[in-house]
Amino acid sequence: MEKILISRCLLGHRVRYDGGAHGPFDQLAVWQAEGRVVALCPEVAGGLPTPRPPAEIPGGQGAQVLDGQALVLTQAGEDVSAPFISGAQQALALVQQHGIRLAVLKSRSPSCGNLETYDGSFSGEKVRGQGVTAALLSRAGVQVFNEEQLAAALEALQALERGRSA
Ligand code: SF4
């Protein structure tokens, strides 16, 4: 059975920077009942507390953080790149351990965002880009969706399972 990596905050776990969570999402509940969910909060796994100061990537490109070309910073200027990278590496380790090819990660997060992130100005401005974990998983060939793309994620899952049984 295909497993799916899911951001813990989308499963109702109160791990967001502000202590909040998201959901419930019916599709995620179905996948949990099927036993295919592997849950991770990269920032908490990386050692950050909850609640924690919000952080952004100047320029919004998680791939640049992985390559040492950009930092993840809090509004006070604290460099939190190391825990963000550690969390991404733990996500990659889980993906490899479980043979995961599909992830549903929280949109617009500096770790989990798959299409957009905030631009580092803490003004709500968004740019096209991926968070640190989403970027690392994409590099590893994982298809990364967000909670607004659950129909597309389900289609991708069905395509993978058809390929498995072919
Ligand atoms: Fe954790 Fe990702 Fe959710 Fe942020 S978006 S709380 S890093 S799971």
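Trainee: How many disulfides does a search of the whole structure find?

Mentor: A disulfide is a pair of cysteine sulfur atoms within 2.5 Å. The search of the whole structure finds 0. This is a predicted model, in which local features need pLDDT of at least 70 and side-chain atom pairs count only at pLDDT 80 or more, while totals for chains, interfaces and linings use all residues. Residues are numbered from 1 along each chain as its sequence is written, and side-chain values use heavy atoms, with hydrogens and water left out.

Trainee: Is Cys41 buried or exposed?

Mentor: Buried means under 20% relative accessible area, exposed over 50%, and partly exposed in between (1.4 Å probe, protein chains only). Cys41 has 9% relative accessibility and therefore counts as buried; Cys112, at 6%, is buried too.

Trainee: With which strands does S1 pair?

Mentor: Strands (E, at least two residues) and helices (H or I, at least four) are DSSP runs, numbered from the N terminus. Two strands pair if DSSP finds at least two bridges between them. S1 (residues 4-7) pairs in the parallel sense with S2 (residues 37-40) over 4 bridges and with S5 (residues 102-104) over 3 bridges. Ile4 stands opposite Val37 in S2, and Ile6 has Val104 in S5 as its bridge partner.

Trainee: Which residues of H1 are buried?

Mentor: An α-helix has 3.6 residues a turn, so residues three or four places apart point the same way. In H1 (residues 26-33), the buried residues are Gln27, Leu28 and Trp31. On the other side of H1, Asp26 and Ala33 are exposed.

Conventions: A crossover is right-handed if, with the strands pointing away from the viewer, the path from the first strand over the helix to the second runs clockwise.
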